[in-house]
Structures are given as C-alpha cells and as structure tokens.
There are 2 protein chains.
Amino acid sequence: MAVKRVAAAFFPPIALDARAKAPLYRQVYDWFRQAILDGRLRPGQRVPSTRNLAADLEISRIPVASAYEQLQAEGYFETFVGAGTCVARSIPDEISKPTTGPAAQRAPSARSSRQEDDRDGAPRRISRRAVAMHTEPQSWLDNMGAFRVSLPALDHFPVEIWSKLVNRHSRRQSRTAMAYGTAMGYLPFREAVAEYLATVRAVRCDASQILVTTGSQQALQLSAQVLLNSGDRVWIEEPGYHGARHALMTAGARLVPVPVDREGLNVAEGIRRARAARAVYITPSHQYPLGVTMSATRRMLLLQWAARRGAWILEDDYDSEYRFGGRPIASLQGLDTGARVIYAGTFNKVVFPSLRLGYVVVPRDLINAFSTARDATDVFSSTLYQAVMTDFILEGHFARHIRRMRMLYAERRGALVTAIKKILPGIMEVVGAEAGMHLATLLPRGVNDVAVAKKAARLGVSAQPLSSCYAKMPQRGGLILGYGGTDAGQIEEGLRKLRLCI
Amino acid sequence: MAVKRVAAAFFPPIALDARAKAPLYRQVYDWFRQAILDGRLRPGQRVPSTRNLAADLEISRIPVASAYEQLQAEGYFETFVGAGTCVARSIPDEISKPTTGPAAQRAPSARSSRQEDDRDGAPRRISRRAVAMHTEPQSWLDNMGAFRVSLPALDHFPVEIWSKLVNRHSRRQSRTAMAYGTAMGYLPFREAVAEYLATVRAVRCDASQILVTTGSQQALQLSAQVLLNSGDRVWIEEPGYHGARHALMTAGARLVPVPVDREGLNVAEGIRRARAARAVYITPSHQYPLGVTMSATRRMLLLQWAARRGAWILEDDYDSEYRFGGRPIASLQGLDTGARVIYAGTFNKVVFPSLRLGYVVVPRDLINAFSTARDATDVFSSTLYQAVMTDFILEGHFARHIRRMRMLYAERRGALVTAIKKILPGIMEVVGAEAGMHLATLLPRGVNDVAVAKKAARLGVSAQPLSSCYAKMPQRGGLILGYGGTDAGQIEEGLRKLRLCI
C-alpha cells in the first residue's frame, strides 16, 4: 500500500495552560481532535513527531506521546513505520469541512428548547405514540399545596421506624442484596404481598404470581405490553384515571371510553360500543375519580363478557385500603374463575410516593410473559426497599399505619365535607363513596374547571379539574380534592382560595 | 315497581367456627357470597332477617347485620322497605349457575403453570411483541458463580461509606424526599451526572437534558418508545447486546443486524442492508460483546448517515469507566453537532446492580417527549438512592472507587488471560480490547457454546455463550467470561470446570 501524504510538519498553534484543570496531554489531545473535526487538519495531513512538538511546546515528551496514543486509538491519527504520523485518511471529507454549514447552525448551543428542526422549522420525527401522549402542562401538579391528589399525610408516617429498618438492611447488605435480583422481585416480599392480598383483599393468588413493580403505573404499562397489540381496543372508564390512559397508549391501544354511573362502569354500554375489545381497565373498589363502588351485578356481567370474548380485565385496586363506611370491598380478581383478571396495586400512596413499590398479580399462564416484559423494560426493582417493606409488613408496622391513617383520613374527609358546606354552599357538590384520599366535587354548569385549577395553582392550591379525567368534555366540570396530605388548617384556607377562583 | 320474589325464609347451613381466624361477620359474608356465586342461592331468593338468622346461629345480631350491610354494599343483596332482603335480582343467571361447567374446570386450583387454555389446549392470546420476546431459559444466569457477566467485585464496594450516606438521608428524610419526584429525576443528582459526563466522557450536555432512569435498559426502552413506530427498522450490532434487542422490541421495532468488525459496526454494510432505518443501537466505546472500539472514521460515517436520513443514534456507553490500555475513549455524543445521538449509561455495574440508577442524555427538543414517556411508564425513580448517589459522587467516593476497581479489574483480566493460556491452550482464543469487566473468547469450530454454557451452569460456572449474542448462528461459538466479580482463586477453578465441559 503506497502511503500518500500532504506536505509535512507544521507546528500547531496549541495554547497550553499549565494552570488549567485539564492535564497537558488532554489539552494537546483536545486541540488535535477539534482541529480535525473543524477541518483545520485534513485527512492525510502529516503532524509533527512527538519529540518535535514537545520541544516546540516546551513541555516533556510524555504528555504529547499520551495524546498521540489516544488519538491513534480513537482513529484520528494513523502511523506508518518510518513515515511518521498523519491524520487518518479514512476520515470522511464532508465531516471534516469547516462547520459553517447548516450542521453548525444546528449545534447544541444554538438550539432552543422547542422541538428541533429537521428543515423549515418542522419538529423532528418521533413516534406516533409519543406525539399522541403529548399533554398540556398540568399546573395543578406544580405544587404540593392543599388538595394535592394522591399525597398521603407524610408528617404522620413513622419515619423513625422506617429509617431503623433501612439502616438495618443497608448496614448488613449482603452480596445477594447488592447483585442482580430477579424480574419478578424479592421472594420474601412477594410472599408478604401475597398473604396481605389474600387476607385483606380476597385476592386468590400465591407468591409465584406476584410481580413486584415500581407502582400501579408500571403494573399497567407491563400489562399493556404483554396483552395488547397496537390498534387493539380497550375500554376505559369515562371519567377515568389519566395515568392509565397513558400506560395503555404506550402499547398503541385504541381507547374506548365507557361511561361510569352509580353502579360503576356500564358494561352493557361497553359491549354496545366495542364488543370485541381486547381488554378493559377498571377501578371497581373505588372508582377514580368519582368514588363509585362497582355493583356485584356489573362485576359479574364484566367477568361474563371477558370470559366469552377472551378479553383481559385490568383491575386497579386503587385506594382500597381506606374505606370509612362499611368494610373494604372484595376484589374483582377474587370472583374470577377464568383467570381473566390482572390485578394491580401500589404501596406508594399508603407508605410514601418516593418508595416506588407496587405489584401486579398475574394469571399463572402469563407469568413468563410478564417476567420477560419486566426484564426488557427495566430488569428488576431495587432490592433495599423491597427488603425494608417486607419487615415493615411482617413486624406489623404497616397494618398499624393503615389503621391510624384510616382514622385520620376519615376525620379529614369529614372536615372537608363540612367546610365545603360552610364555605362553598350551593357552589360545590360532593360526589362519591366514603373512601380513599380524595373526593370529587361538581361545580355549577358553565364554570371552566381547568381555568379554576390554573388560577388555584397560582395561589398554591393543588386542585385537579374533573374534566381532565374525561375523554370528551363533560356537561359539568368539577374539582378533585385530595385530603390525604391536607390538614384541617389547610382545608378552610384552601377552600377560601378556591372560592376566589370560581 | 312490583317486587317479585321466590318463596321466603330458609335457614342457611352456615357452619361458624368461633376459633377461626376470620371474624364471625366475615364467615357469614363469605358463606352468602360463595352460595350466590355457586348458584346455591338464586337471584331474587329471599334471605332470613338479621334477627332470625342471628337467633338461628346463636350469635349476636351485630356480625350478621355487618355481613348483610357488606353484601348489600357490594350488590349481592337488595332490600325493599317492608319486604325484607333478597339476593339481588340483577345478578346474571349464567354466572350464578352451579360451577360444574368449563369455568369451574378452569378454576385457579386446576391450572398448570403452562399457558392457560382458551379452548382445545391453545395458549391464550397475548401481544405479538410478548410472543416474539419469548426466550429460552438462560441457565447461565441461574447462579452467581465464576465468570458471571456484568457482576462487579461487590466485596470491594465501600459498604460502610455507602450505608452511612443511606442512613444520613433516611433519618432526615424531608417531606419533599418522600413525596412525588419529577419524571426527569432529582435535580442535584442530574447536575452531578451532567458534570461527570462532561468531564469524563466528553458528553455535551447540561442537567436539563439528563433523565434519570433505573439503568441503561430503561434508557433504551424509553428511547424506543419515544422514537420508534411499530415496524420501524433499527440497526443492531451483530453480535450485540441481548437486552437492547428486547428493549427495541417493546416498541415493535424490526431489527436489522449489521456486522461488527475490527473497527466496530460496519456502517457501509448497514446502509446497504437498510439505508432508511429509523435508528441504530450502538456500543462504540467498548462493543458488547466483542470489546472493539469504534474507529473515528466509522463514527463520522455513522453521524453523517444519521444526519442525512434523520435517523437516531442510541449510544450505549457500556463499561466506559474501565479501560486499561490508554485513556477512556470520548463519546460519540460529543462528536455530534446535529443532536442525533441519545446517550445512555448506568451506575448499576460500577456501584452495585441492585442500585437501579442510570441516565439518558436527551437532545433538547425531545426532553418533553422523554419526560412524558417516563411518566407513563413508571412515573419517576425512587429518591433515596438518587440523593445518596449524589453525595457519593460529590464527596469523591465514586471517583476513588472507580480508580480502585480499574486496577483490580486490570489485574483480574491479566490473571484470566494468563490462566486461559495455561489451562485451555489452543482451545480458547481471547478477543477484544483491554477494557470493561468481561472478555469474549472463541472456541474451536464445531463446539456448541450453548451446550457448554448449560453444562457449566450445572457446575456453578456462569459463562455466557457467544452465540446468544447473534441473530444468526455464527461460524464459531465462544464464551463471554465476566471477571469483575470473579477473584483469582475462582478463575483457575472455573477454567478447569469449563475444560471439562468443552
């Protein structure tokens, strides 16, 4: 191979800075690399020997040699025995041209935070599902003020007990606890969850069916991945939980809103709208956001439909821990003899949101498919909190905490209902069952609930507009008021601020 | 509405057990619920009054009343003023028939762990992507014995320092740290990551572009979600990283294997096979599994192709921390002036696998789309370890740990290469650069590497077959030997066991 080179030996104008953070070799390396990328050095161009360059720069030869070695390892330089070193001739000419063309104009520093332009200002192409999931900013989530939905009473959490358990597991961290866990989760935790669900929620399962997730969102997202093809139709509750819509959309599902009435999701209407749907997403114990409990009749109709059509039921057992009137309602999963129900739940709202622990109870024949999907998505859940939560449950702290919170939330709900009657009489109407950590309210016809929520957010109040839970604009708007993390003092003040906004 | 009922008042044969774990009200409730589900009680059938049933059962009226209240709340019973209580007439007949039909045969207790039958023994319908991702059991992952890939030297991790930091953050856990975090991650952590990547990996970014993930797997999965439509073609390295294939498949991508040679991925061959591909997945610093470093020429050709076609480059900067010969190689992202590179990395292999912390560096115009995708997938990463890792980096423990591990792994690699020459001369051939935590080896033609790996797993050795990284069966098999978590003693013993298996 004949080595063809452009004329040799210039001395590059490298300005070294002995006091710079970057070591000398790095400064030399950076200069050459940038010069090649900028097109100041051309492919095939000869560079000085390390000895000559070191002499010219008045530094030791070692940093220069290190830089050359690196440049060669990365393919910027090539060396021929007896012929010295030159810029690699295989570097594409176009890239090494001076960057004054469009590429330079699109350089990171010139970019705005808007979608990048490919040409003519059009946004760059991303996936259809990502475009479909685009949402307006939800300013009511910007603060943790009064009425923030799903926020528990964090100041009542037994932080000391928890941190003792954390410390216990962190200090004696075993090799196993530090290494890779399994996609299904930490076995002792799965056993504790299975027992809890069987006892408290009448879920029929054993530990082998429990897949530990980071919360109900991931449980739904994995279910969608495993069960739905792009374009499959899925019934969702109207109104319903926003997060579930997005989880289903990650699998490309087409959503079919089915109205919720006083008995829960209207199954007959669902059949009328999309008999052949592949799945339904449902919150039967405590419908989000209206708080309805699904009737036994509707439950059975739903199971019947699913069995006949081979459809899947994604049961989100939302807020089932907190029921103030009567006993907790048994799960739909426990009624199902055809293993059509995938049951999802979370500890994030009962313990604290940054815990990131939930679960999905998977029919036996789907365990492998779910486990593979979890592995493909994010491999497995961090072990530490799984171990801590196991102890928290087995040592009785969890049951005690739920009992105390149930009393506290019943009180807060009572205070909120009373205060609404006092401060917003005839303006705000309470709907829904006596359960959970939030209540839904209706506003008078014609009041724009999104506008109210935006104004309220500016006053530090975090009320969610009811219309944000609808696929189609409802006849009446409303506000969803979380009271879990909102104490008596905040309640009255928050309602007064809301009155200003309505 | 005329109330039509079947004849009244039988006394149900409820067998109460005063010593049972379930309270009396629950036993009464369970009996009725099961009787309705089994069809022993028919819709419209009258049930005794609470007073009469309590007298018959010789218990107080309170548990009976509680049970009735619950059954009514759940819609199993209905009550008419003056007409007593009966089984809800709206309960579907079919469900309430005795369960001797196919539904009963499919009851959970009768199920095997195989895929559930819909009819005629066929597996039940799940998504095409879930079917496509089905994998054979990888028995070499069943143990944490010698040569387990990606396992670091856990016994050299500074557990005491780490647990002190954990304790610090757990004890003084603020309300903010317990509440919902943001989809992008904990800001101080993102700032530390941005600085680390800019300094050590020549990544051009600021903290606003860092999305905290649970590892590189999630980084890839989110990238696929945001960037790819179902059916889009994506170049992957052949051989390549198994986990990346699955991450791309979650978005329904069609994978186009492109061969890797001594300069890394063959860009010209990629263009020949699928010029219009939407994206490429690549490990340029240290190719997995072969250990090649992508040459500067190929890097520029790749950037050129991506800029021309509007394609995305998913750069997985795998094991970039550990390079024993020469300096670390600069990232591809840092060369990119068109913001076409999405850069993914992880702390899970440098710190410990159950940490579950990684990151993806997102072009500015895609930040919203990535943030929405993370929110839809699993909302956000647990806060505790993000805070702990921030301190671990800022207080210098991280850099110190990497330095120590780099020396240790260089030593272990040396010992492994020496031992291979001694124990398996002419049988096992080492390939790849001096970097990372594993090395790839080739076996003689005709040796089935999967069979070897399976046999080895039974002896407690965790060698991964090289052919498992190929889409098409390669001409020569081999073994990937992790040495990160394998000490000198295990190396020789492990190789001797492998010799038995070959």
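**Figure 1. The loop of chain A that holds Ala202(A), in a predicted model of two chains.** In this predicted model, Ala202(A) sits in the loop that runs between α9 (187-201) and β3 (210-213) of chain A. The backbone of Ala202(A) takes a positive phi of about 55 degrees, although the residue is not a glycine.

Figure 2. The bond between Glu238(A) and Pro239(A) is cis, with omega at about 0 degrees, and Pro239(A) has its place in the loop between β4 (233-238) and α11 (242-249) of chain A. A cis peptide bond also joins Tyr288(A) to Pro289(A), here with omega at about 5 degrees, and the loop that holds Pro289(A) lies between β7 (279-282) and α13 (296-309) of chain A.

**Figure 3. The interface between chain A and chain B.** The contact draws 120 residues from chain A and 120 residues from chain B, and the two chains bury about 10,700 Å² between them, 51% of it on carbon and sulfur atoms. Arg175(A), Met178(A) and Tyr180(A) supply 7% of the area that chain A buries against chain B, which is more than any other three residues. Of the interface residues of chain A, 98% are also interface residues in chain B, so the copies meet through the same surface. For the complex as a whole, the predictor gives an ipTM of 0.84 and a pTM of 0.85.

**Figure 4. The largest cavity, with a lining drawn from both chains.** The model has 14 cavities of 30 Å³ or more, and the largest cavity holds about 240 Å³ of space. Its lining consists of 19 residues, of which Leu355(A), Arg356(A), Ser382(A), Arg356(B) and Ser382(B) are the closest to the centre of the cavity. At least two lining residues come from each of α14 (367-378) and α15 (383-394) of chain A and α15 (383-394) of chain B. Sorted by class, the lining of the largest cavity comprises 9 nonpolar, 6 polar and 4 charged residues.

**Figure 5. The second largest pocket, where α14 of chain A faces the viewer's attention along with elements of chain B.** The volume of the second largest pocket is about 1,400 Å³, and 41 residues line it, with Asp375(A), Val379(A), Gln138(B), Leu141(B) and Arg148(B) lying nearest its centre. Two or more residues of this lining are given by α14 of chain A, and likewise by α10 (216-227) and α11 (242-249) of chain B. The element that gives the most to the lining of the second largest pocket is α14(A), with 6 residues. By class, the lining of the second largest pocket has 14 nonpolar, 19 polar and 8 charged residues.

**Figure 6. Segments of chain A with pLDDT under 50.** Chain A has a mean pLDDT of 87, and 91% of its residues reach 70 or more. Over residues 1-9 of chain A, however, pLDDT stays under 50, and for this segment the model has 15 contacts beyond four places in sequence. Residues 96-119 of chain A likewise keep a pLDDT under 50, and the model has 49 contacts beyond four places in sequence for them.

Note on methods. Residues are numbered from 1 along each chain as its sequence is written. Chains are lettered from A and ligands numbered from 1 in the order in which they are written. This is a predicted model: local features need pLDDT of at least 70, side-chain atom pairs count only at pLDDT 80 or more; totals for chains, interfaces and linings use all residues. Side-chain values use heavy atoms; hydrogens and water are left out. On a 1 Å grid over the protein atoms alone, a cavity is a set of points where a 1.4 Å probe fits but cannot get out, and a pocket is an open set with protein on both sides within 12 Å along at least five of seven lines; lining residues have an atom within 4 Å of a point. Grid points are joined across faces, edges and corners, and a volume is the space filled by probe spheres set on the points. Helices (H or I, at least four residues) and strands (E, at least two) are DSSP runs, numbered from the N terminus. Ala, Val, Leu, Ile, Met, Phe, Trp, Tyr, Cys and Pro count as nonpolar, Asp, Glu, Lys and Arg as charged, and the others, Gly among them, as polar. Contact means heavy atoms within 4.5 Å. pLDDT is the predictor's confidence in each residue, from 0 to 100. Buried area is the accessible area (1.4 Å probe) that two parts lose on being put together, summed over both.
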